[in-house]
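Q: I have a model open and want to learn to read it. Can we start with strands and how they pair, then move on to helices and the core?

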Amino acid sequence: MLLALSATAQLEQDSCGVVCRIGTEKQILLVITGHYSVDDNGYTENFDGVEKVLDVLKDKGVKGHFFPTGIALAQPKYEGSIRRIIADGHYLSGHSYGHLLLCDTNGRTLVTRDSVVNDLRLMEAQLERFGLAKTDYCIMMPPYETCNSETAGFYQDEGYELITPTWGLLTGQDWTRPESTHYYSADVIEKQLWQYERDHTLNGVILLIHAMDYPWRQPDDRPYNRLGEIIDKARSLGYEFVGMGTSKQ
Ligand SMILES: [Zn+2]
């Protein structure tokens, strides 16, 4: 399905062959991720914002691209939401099963090919539980949105095309904590988005939103609760939110 998009858009890939921008037109691709921390029953990491995000997308008539981890897909509490992602015509794939850290900050590989393939099989089993086939979900996002060429190759050799949020935007930084020196409030995140727009434009940007309730943030400090506002403002600036196809046509 990414290939279908590439017929009209000039996809930009990074040095690992990962799609990081969808072209130079006033088009934005919205990607949404969620994890699930099993150790604390989803207290710190979860997919709890998914219904709110789905409501906003429906209200605004925007197609999203959802990449929860396989562990999130496996949680009975999200079963209805996952079915709704498909029923509402969004794209659904995965973000690995267990959110593996593929490489360190120096780009050194931390996983083996076997561990990636085993993790993929678990993710695929979860997606297929919802009636999807490999052709429906063959575009995925690497865990932590980061890989090197070796680990990108592990996925590409398994028939996946990789996509990652456009570098330089802070919308995925809502995991930062208020007490930390590297805290990014939703206000700061949103301001930076529009500053980025003025400095660079948002043309072809792949915009990440976490559908996650980090417990150290108040609801209005969660970027997904500002998604409607972000969509409205981007549209008022002439941007269009584009879809790359649905998981089930
Ligand atoms: Zn992630």
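Q: Which residue is the bridge partner of valine 31 in β4?
A: Strands here are DSSP runs of E, at least two residues, and helices are runs of H or I, at least four residues, both numbered from the N terminus. Two strands pair if DSSP finds at least two bridges between them. In β4, valine 31 has histidine 65 as its bridge partner. β3 and β4 (residues 65-68) run parallel and are joined by four bridges. This is a predicted model: local features need pLDDT of at least 70, side-chain atom pairs count only at pLDDT 80 or more, and totals for chains, interfaces and linings use all residues. Residues are numbered from 1 along each chain as its sequence is written.

Q: How many bridges join β3 to β8?
A: Five bridges join β3 to β8 (residues 206-210), and the two strands run parallel.

Q: How many residues of strand β3 are buried?
A: Count neighbours. A residue is buried if 20 or more other C-beta atoms lie within 10 Å of its own, exposed if 12 or fewer, and partly exposed in between, with C-beta atoms placed from the backbone. In β3 (residues 27-34), seven of the eight residues are buried, so the strand is largely enclosed by the rest of the structure.

Q: Which residues have the most contacts inside the largest nonpolar core?
A: A nonpolar core is a set of buried Ala, Val, Leu, Ile, Met, Phe, Trp, Tyr and Cys residues joined through C-beta atoms within 7 Å. The largest one has 65 residues, and Val31, Val53, Leu162, Leu207 and Ile209 have the most contacts inside it. Two residues are in contact if their C-beta atoms, placed from the backbone, lie within 7 Å. Take valine 53, leaving aside neighbours within four places in sequence: its contacts are Ile32, Gly64, Ile209, Ala211, Tyr224 and Leu227.

Q: Which residues of helix α5 are buried?
A: Start with length. The expected span of a helix is 1.5 Å times one less than its number of residues. α5 (residues 113-129) has 17 residues and reaches 24 Å from first C-alpha to last, close to the 24 Å expected. Its buried residues are Val116, Asp119, Leu120, Met123, Glu124, Gln126 and Leu127. They cover an arc of only 160 degrees around the axis, which puts them on the same side of α5. The arc is that of the directions from the helix axis to the C-beta atoms. On the other side, Asp114, Asn118, Arg121 and Arg129 are exposed.

Q: What do the buried residues of α5 pack against?
A: They pack against α3 (70-73), α6 (134-137) and α7 (149-156). After α5 comes glycine 131, with a positive phi near 85 degrees.

Q: Where do the buried residues of α8 fall, seen down its axis?
A: In α8 (residues 186-200), Ala186, Ile189 and Leu193 are buried. They fall within an arc of 60 degrees, so they line one face of the helix. Asp187, Lys191, Gln195, Arg198 and Asp199 are exposed on the other side. The cover over the buried residues includes α9 (227-236). Just after α8, threonine 201 has a positive phi of about 70 degrees.
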